[in-house]
Structure formats: structure tokens, C-alpha cells
Amino acid sequence: MWGDKAIELIKELERSSELFPPFDDDKVRLILEECRVLNQFIEDAMSSTFDPETNNYLAGVKARTAALERNKRCLLAYQWNRLQTLKKMRWEFGSILPPEIKANMSETEVQWCTKYSKALANYMKNIGGRNGLNLMLDMQPPKDLYIEVRCLKEYGKLELDSGEVFNLSENSQHYMPRSQVENLIRLGVLEHINWS
Amino acid sequence: MSNLEDMFLNEEEDDEEAITAKSVLEMITDAWVNEKLCPEILPNKAELVEVMMEQIDQMEENVLQLQKTDLRSIIHRQELERIRYLIRSYLRARLEKIEFYSVWVFKNQSVLSPQELAYLKEYLSLSVAPLKNLCDRFPGPAGQLNPKQMEIAPDLEAHVFAKSRVDLPDTIIVHDGPREEEITVTKDSQRIVPYSCIRQYVRDDRIKLI
Amino acid sequence: MSLFRKRNHYFSLTDVLSSQERVPITFQVAVGYLGELDASAEGNILAAGTTLELPYWLVTSLYQEDGVGIDLPKQYKQAWRDILAADAKVVNLQRLCKYFYEFGKLVSLIRVRDHQDIIDLLIQTLVDRHRELTNWAVHAIKQENEFFEKLDDIEQELSRRATSAELNLSNWLQSDCGQIRKAEMVQAHDRLVSSSRTFNT
Amino acid sequence: MNTEEIEFLAEQEEVTIIPKFTDSRVVHLISGDIGPFRAGIPCVVPIWVAKTLRKKHKCKIVAPEWMELDLLEQKLEEEKSSRFFTPMPSDHYMGIAHLLLSDDSDIEHADRLRLTIKNIWDVRVAKARASADTFLKGGGRHAGIDHLTQLEICNLRPLLLDALDTKHQLSVPMENMSALNTSAASGSLSESFSSASTPRRSQ
């Protein structure tokens with residue numbers, strides 16, 4: 001039935017247990033093929049003679065037009081919702097996405113991510129006085145200036161704005177400025193411990 | 001520069017009318033809460049944010065003069081972090097709406113700051129591209145993006161919790177199907193109302209969202 | 001963002017899915033070029049008297065044609081109206097129709113004479129079930145999912161929102177709030193990656 | 001808004017402390033001046049400052065006037081017996097209680113105070129939920145909610161507003177729901193047909 005593949009595409013996205021399922025180019029192509037057939041009918045009908053008795057194609061054209069619009073809506077909704085997810089990921093993972101997720105992106109989506117990052121960077125550079133304002137920080141209201149953290153995975157050296165260097169080795173614990181480790185906590189490198 | 005800035009810089013000369021850093025901070029705090037709770041994006045407060053960011057930069061320099069362990073330094077730095085959070089969270093709340101309602105906001109762009117407008121334009125063009133790519137692969141007349149369809153408008157009929165800062169001179173009118181109800185709004189009164197019927201008052205800061 | 005706005009726009013998955021629900025449609029006269037819609041049709045003509053259940057979006061393109069009539073989907077007919085009026089709380093809406101409210105609203109648009117009855121049914125059902133939903137959502141943390149699974153899609157989202165506000169509050173009351181946490185998606189990703197590793201070994 | 005954000009607002013409320021140190025200089029914060037501090041002499045600061053000073057053992061925090069057992073128990077009774085929400089001593093009573101009445105609080109009877117305040121909260125929230133339900137059942141699109149505090153509203157918001165919005169949207173004639181998908185979008189084609197052929201049955 002018309003539109004069945006399109007709705008499968010939408011359900012795939014809705015039901016996926018993955019954060020970002022692979023772009024289903026095969027299905028997209030099948031849907032576009034269906035559209036081609038639908039459109040062909042409409043074009044043929046428009047150029048043939050209309051006879052209310054023997055050649056009444058009106059209902060057929062209307063239904064196919066609806067199916068074309070439906071397929072288009074599903075395809076666009078598929079892409080749009082994937083972009084929304086990518087956007088959210090940019091805010092949560094930062095500019096470097098995990099390889100498992102990158103592998104599922106289409107070429108267009110890879111490019112989109114780069115452009116989105118650039119647009120954000122441009123905006124953040126131009127707000128908040130001299131140095132710009134990084135909106136990716138302070139995702140929660142701040143409490144203390146310094147916090148205790150435990151390192152969950154080997155990270156290596158981290159140099160603070162002050163020039164002080166910390167060696168973040170697995171299971172090491174540190175007392176560090178909140179503003180400079182918030183990102184690493186959100187990424188799961190550090191864990192915030194003994195908060196109050 | 002803006003009037004606001006003039007007033008701000010002249011604060012010592014004219015105490016009565018002066019806008020102090022403290023009151024700017026209060027206005028930003030209110031703007032933050034409103035923006036978080038409002039279905040649509042509100043007129044920007046970029047002037048206030050700019051003034052406050054200058055204050056922050058200045059204060060940051062002053063704090064550098066103090067010993068890091070000095071109690072005063074700690075309190076100042078903590079305050080700077082709090083204000084920076086406030087501004088970031090406020091601008092993020094706006095950014096989220098700018099992105100989601102992009103087409104609609106573009107048509108109502110007077111509420112944006114120049115930087116926000118520049119961002120919106122960039123965002124619109126980069127977001128349309130992948131959708132347009134798909135449409136280009138479409139046969140026939142359906143292969144066009146319909147801007148009307150792409151437009152997501154904020155739900156102005158959404159209900160909100162509101163508190164009035166003043167006695168409103170006029171009653172507000174709540175439409176409920178064929179019925180119309182008039183409400184007199186007094187200072188500090190709180191209600192649940194559809195956003196649409198207090199919209200103008202939220203935009204001009206006579207009513208705040210809670 | 002209001003729940004309504006989140007779920008109702010051109011790109012919304014829930015809106016796409018609710019307009020996929022099926023409506024009974026009858027062709028009293030033979031219609032050409034629509035044979036594809038009926039597996040048992042001969043050639044491309046839909047025979048007079050054919051009754052099909054077609055997706056809503058397709059029905060809207062045909063229902064105003066001469067000789068075409070639509071029927072109410074069963075969940076909005078008198079029998080179900082009576083059941084819902086008697087005790088809406090016990091009905092498994094998820095099973096009856098996953099998008100009971102949103103699809104109902106759509107159907108009301110193409111059944112002008114039933115319009116008000118359907119709207120009244122939807123509103124009454126929503127209101128009748130709301131108290132229960134509230135109670136459940138507020139105590140969801142310690143309950144099993146049996147109730148949740150009986151909710152229609154919008155009710156589920158409503159109660160998820162309420163539950164998460166309640167959880168946010170109870171965490172705060174237990175002073176569990178000042179902690180800076182791993183980002184939501186990072187957490188979900190790490191969980192997926194680690195579970196797939198366990199699976200592979 | 002979530003609980004943490006409302007707590008952030010509560011932290012800006014003022015509280016009296018008794019400093020354990022002396023510093024005659026005024027601290028010019030952007031949010032207003034604080035100090036000078038004299039050991040043993042009460043002074044008023046924002047709660048976030050009080051918390052920081054206290055962590056460094058530089059002060060004791062004094063309970064706000066309203067944070068008094070007898071008063072609060074009276075308030076609890078009043079709240080129970082009133083059909084409406086009674087005015088609270090502070091718009092951030094719950095947040096302030098939470099911030100000041102931690103386990104190692106300076107304030108006497110912290111446990112009992114906390115419990116009483118939680119009881120008041122519970123009575124109010126139960127009342128709010130019940131009236132939300134009545135409101136939803138009764139119809140109408142507006143209601144007075146004087147004296148409800150921000151945190152209470154925050155708790156009520158998803159339960160009430162989402163349901164109210166949904167109910168309203170079900171009842172209004174649809175202009176913008178997914179009609180987009182079909183008739184409106186295919187309008188261009190079908191319109192070109194309507195003039196050429198069979199009259200369409202009107203609704």
C-alpha cells in the first residue's frame with residue numbers, strides 16, 4: 001500500500017533503541033521510487049482525456065497526490081527529527097561524537113554537524129563582551145567554586161587556566177575548580193563526588 | 001550608546017533615576033524566569049546583558065588584585081559564576097526557541113538581538129539544506145519545500161502561571177469557545193491564564209510568569 | 001514547551017503516526033484507478049460496495065468524492081462511548097487506539113455530524129482519567145507499569161512529564177541535587193556501548 | 001523550570017548571620033554591598049554567601065523570623081482548615097528551609113522544623129492537586145492561584161498545564177493540526193480540478 005514504506009521509516013526512528021540509528025538510505029530510495037510511479041500516473045492522467053464515464057481518473061489522482069505528499073512528509077520528518085537528535089548530541093557530547101554514532105550518519109548529516117558547530121561558535125564568539133561567552137558551560141546552577149572529582153577513565157594531563165597541571169589517571173581523586181571540570185563530568189570522564 | 005548605558009554610567013550623579021548594577025541583575029533574573037516559562041521568545045534584553053557582561057569583566061580584573069584565598073575573592077568569584085550561569089541559561093533558553101521556531105521567529109525578528117538574528121539566518125540556511133536535498137530527489141511538483149509547512153509557531157494558547165507586578169488599567173479578556181470572561185488584574189495577584197490574553201503585559205514586563 | 005506544540009507540527013512523529021490510524025471507507029459506486037487499495041480488487045477498478053479501512057491521510061483525499069462514505073472507527077462509536085462513559089479509568093486505551101485523542105480529533109474533522117459528540121467524548125475521557133493518571137504519575141517511582149501500559153500515547157507523555165517533575169523534587173528533598181551529572185545522552189550511549197560489549201563476549 | 005533553578009533563586013534571598021571574624025571593609029558585590037563584618041554582630045547577606053561562609057566556619061546562620069516551631073505549627077493548622085492557600089511567610093519557604101535546615105544546621109530543632117515545613121508543603125500540594133482536578137473537570141481556562149509559591153507551581157505545572165492545554169486543543173476548531181498533511185497541502189492540485197469537472201460535495 002502507498003505510504004507503507006514511509007511509515008516504516010518513521011516507526012524505525014520512533015522505536016529504535018539506539019540513540020541514533022543508521023540513516024536508512026535503502027528505504028529512502030524505495031520511497032522515492034514509489035513516488036516516481038505515483039507521479040508518473042498523475043502526469044499521464046493530466047495529459048490524457050477526461051471522460052466522466054469511461055476515463056474518470058479524478059479519485060485516482062487525488063489519492064496519489066495525497067500519497068506523494070504523505071511520502072514527502074515522512075521523509076522530511078525523518079530527516080528533521082534526526083537533525084534534532086544531532087543537535088542535542090552536539091550539546092551533550094561536544095564537537096567530537098562517538099565513532100558508533102558517526103558511523104550511522106549520512107554524508108549530509110556529517111556536513112550538517114560541522115556547519116551547526118560553526119554557526120554556534122560564531123554566535124558564541126559575538127556575545128558577552130570581549131571574549132565571547134561559551135554557552136556550553138554552566139548547564140546547572142553553580143554551587144561551590146571547587147569540587148571533588150574522581151577520575152573514571154584514563155584521561156592524561158589537564159592544564160587549568162591558572163597553568164596548574166593535573167594528571168587524570170583512572171581512580172585518581174582531585175579537588176578542582178568546578179567551572180573547568182564541568183565538561184569532563186558531563187562527558188563521563190570525571191565523577192562529581194561528595195557534593196553538598 | 002543606549003540610554004540605559006547612559007543612565008548606568010551616570011549612576012552617581014543622579015541617584016533617584018539611576019539604574020544600579022543590582023537592579024540590572026534583578027531585571028536579568030526576571031528575564032531569565034520569563035524566558036524559561038514563556039511559550040514564545042520574548043523581546044531581547046541584550047542591552048542589560050551587555051551592561052552586565054562589562055560589569056563582570058571589570059569585576060574579574062578587580063578580583064585578580066586579591067589573594068586567591070582571600071574570603072572576599074572567593075565570594076566575588078562565586079558571584080561571578082552565578083551571574084555567568086544566569087546569563088548563559090537565559091541565552092540558551094532563547095537559542096532553543098530560535099532554533100525550534102526558526103521560520104516563525106524569522107518573521108517576528110524584531111525581538112532578537114543583532115547577534116541572535118545573525119545566528120538565526122545561519123541556522124535557517126544550514127537546516128533547510130538537508131531537507132531541500134531530499135526534496136530535490138522528489139519527482140514532480142511535490143519536490144518543493146513548502147515554507148508554510150515548515151513553520152512551527154509557538155502555542156500562544158498555552159496556559160501559564162502569571163503574577164502581576166501592577167494593578168492593570170484594563171481588564172484582560174479570556175476567550176473560551178464562544179464565551180468571553182473579563183478579569184480585573186490587581187498587583188501581586190496570581191493566576192493560571194492562557195498566555196495569549198496576557199501576552200502584551202508579559203512583553204512589557206507588567207506581568208511576570210511564575 | 002507545551003505538550004501540544006511538541007506533538008503537533010509538520011515534522012512531528014506523533015502527528016505523522018496518529019494520521020496513519022485507519023478509517024472505514026465505503027465506495028458505493030465503482031471507482032477507477034484505485035485498485036491498488038484493495039488486494040481482492042480485479043484490475044484497477046474498485047468495485048461498487050467495497051469497504052476498506054484506509055489510513056486517515058488517504059481517506060481525507062477521497063471522502064468527499066461522490067458515492068464515497070466513511071464510517072466512524074469503532075472506538076468512537078456509541079458502544080465504546082457507553083463503555084467510556086461508564087468507567088473510563090478501566091479502559092485500556094493503548095490497546096483500543098494508541099493515539100485515541102489525537103486521532104479522535106482528526107476524525108472529528110471529517111465527520112461533521114459527529115464532530116461535537118467525538119470532541120465531548122475525548123474531553124470527558126481525558127478528564128475522567130486525569131485524576132488516576134496524576135495519582136499514578138506522582139507515585140510512579142515505586143509502582144509497576146501495568147497502569148502505564150493502559151494509557152494512550154499522549155497520556156503516557158503527560159504522566160512521564162509529571163513523574164519526572166516528581167522525581168526531580170524528591171531527589172532535591174533528599175539533597176541529591178547539587179551533583180553535576182553526566183549528560184543524559186552520554187549516559188544512554190555509555191549504557192548501550194557497555195551492554196553491546198557484554199553481549200558480544 | 002526545575003527544582004534546582006528555583007533553589008538558585010532561593011539562594012538570592014537574604015538571611016542573617018553571626019560572623020566569627022572581623023573585617024571592616026564592605027564587599028561591593030554586583031548584587032549589592034555586604035559587610036562590614038564584626039565577630040558576634042549579626043548582619044544580613046544573601047543565602048549563598050551565608051552558606052559559603054559557614055562551610056569555611058566563618059559564621060553561624062540565624063533562623064529567619066518565620067522559622068519558628070509554634071508559628072509554623074499554627075500555620076500548618078491554618079493551612080489544613082482553610083479551603084484556600086494561605087499566604088506563606090516567604091515565597092521560597094521550602095527552598096530556604098531546605099538550604100538552612102541541613103543535618104548539621106546551626107538552627108535549633110532543625111529536624112522538627114523541617115518536618116513541620118514538609119507537612120505544610122504536603123497539605124498545600126495535596127490541596128493544589130485536588131483543585132487542579134476540580135478545575136480541569138469544571139471547565140474554564142483561568143483560575144486564581146494566589147499564595148501558591150514557585151516551587152509548588154513547579155510541581156503542579158506538568159500535571160495541570162499539559163492537561164489543560166491538551167483539553168483546550170481538543171475542543172478548539174482545528175486550524176493547525178495535521179490537516180497540513182493532506183487537504184491543505186494537496187490543495188494546489190485538487191483546486192485545479194474542481195473547476196474542470198465534478199462538483200465537490202460540500203461539507
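This report walks through selected features of a predicted model, from a contact between chains down to single residues.

**Where chain A meets chain C**

Let us start with the contact between chains A and C. On one side it draws in 39 residues of chain A, and on the other 30 residues of chain C. Three helices of chain A, namely α1 (4–15), α3 (58–93) and α6 (178–186), each bring at least two residues to the side that touches chain C. The top contributor to that side is α3(A), which gives 18 residues.

**Domains in chains A and B**

Chain A is assigned a domain 1 at 4–125 and a domain 2 at 146–193.

Where they touch, ten residues of domain 1 of chain B are in contact with nine residues of domain 2 of chain B. On the domain 1 side of that contact in chain B there are seven nonpolar residues, one polar residue and two charged residues.

**Annotated regions**

UniProt, in an unreviewed entry, places "domain: DNA replication complex GINS protein PSF1 C-terminal" at residues 143–193 of chain A. Another annotation from UniProt, also marked as an unreviewed entry, is "domain: DNA replication complex GINS protein PSF3 N-terminal", at residues 11–63 of chain C. The table gives the make-up of both regions.

| Region | Helix | Strand | Distance between end C-alpha atoms |
|---|---|---|---|
| Residues 143–193 of chain A | 18% helix | 45% strand | 13 Å |
| Residues 11–63 of chain C | 25% helix | 23% strand | 25 Å |

**A strand of chain B and its partners**

Strand β1 of chain B spans residues 159–164, and five of its six residues are buried, so the rest of the structure largely encloses this strand. Which strands does β1(B) pair with? One is β4 (residues 190–194) of chain B, joined to β1(B) by five bridges in the antiparallel sense. Within that pairing, Ala162(B) has Arg191(B) as its bridge partner in β4(B). Another is β5 (residues 207–209) of chain B, which runs antiparallel to β1(B) and is joined to it by three bridges. In β5(B), Lys208(B) stands opposite Lys163(B).

**Backbone details in loops**

In chain D, the peptide bond between Gly35(D) and Pro36(D) is cis, with omega about -5°. Pro36(D) sits in the loop between β3 (32–34) and β4 (43–46) of chain D.

Tyr33(C) is not a glycine, yet its phi is positive, at about 60°. This residue belongs to the loop between β1 (22–27) and β2 (50–55) of chain C. Is Tyr33(C) buried or exposed? Tyr33(C) counts as buried because it has 22 C-beta neighbours inside 10 Å, and the cut-off for buried is 20 or more.

His109(D), likewise not a glycine, has a positive phi of about 55°. His109(D) lies in the loop between α4 (93–100) and α5 (110–138) of chain D. With 15 C-beta neighbours inside 10 Å, His109(D) is classed as partly exposed.

Notes:
Residues are numbered from 1 along each chain as its sequence is written. Chains are lettered from A and ligands numbered from 1 in the order in which they are written. This is a predicted model: local features need pLDDT of at least 70, side-chain atom pairs count only at pLDDT 80 or more; totals for chains, interfaces and linings use all residues. Two residues are in contact if their C-beta atoms, placed from the backbone, lie within 7 Å. Helices (H or I, at least four residues) and strands (E, at least two) are DSSP runs, numbered from the N terminus. Ala, Val, Leu, Ile, Met, Phe, Trp, Tyr, Cys and Pro count as nonpolar, Asp, Glu, Lys and Arg as charged, and the others, Gly among them, as polar. UniProt positions are given in the numbering used here, feature names are shortened, and annotations may be inferred rather than shown by experiment. A residue is buried if 20 or more other C-beta atoms lie within 10 Å of its own, exposed if 12 or fewer, and partly exposed in between; C-beta atoms are placed from the backbone. Two strands pair if DSSP finds at least two bridges between them. Domain bounds come from an automatic or database domain assignment.
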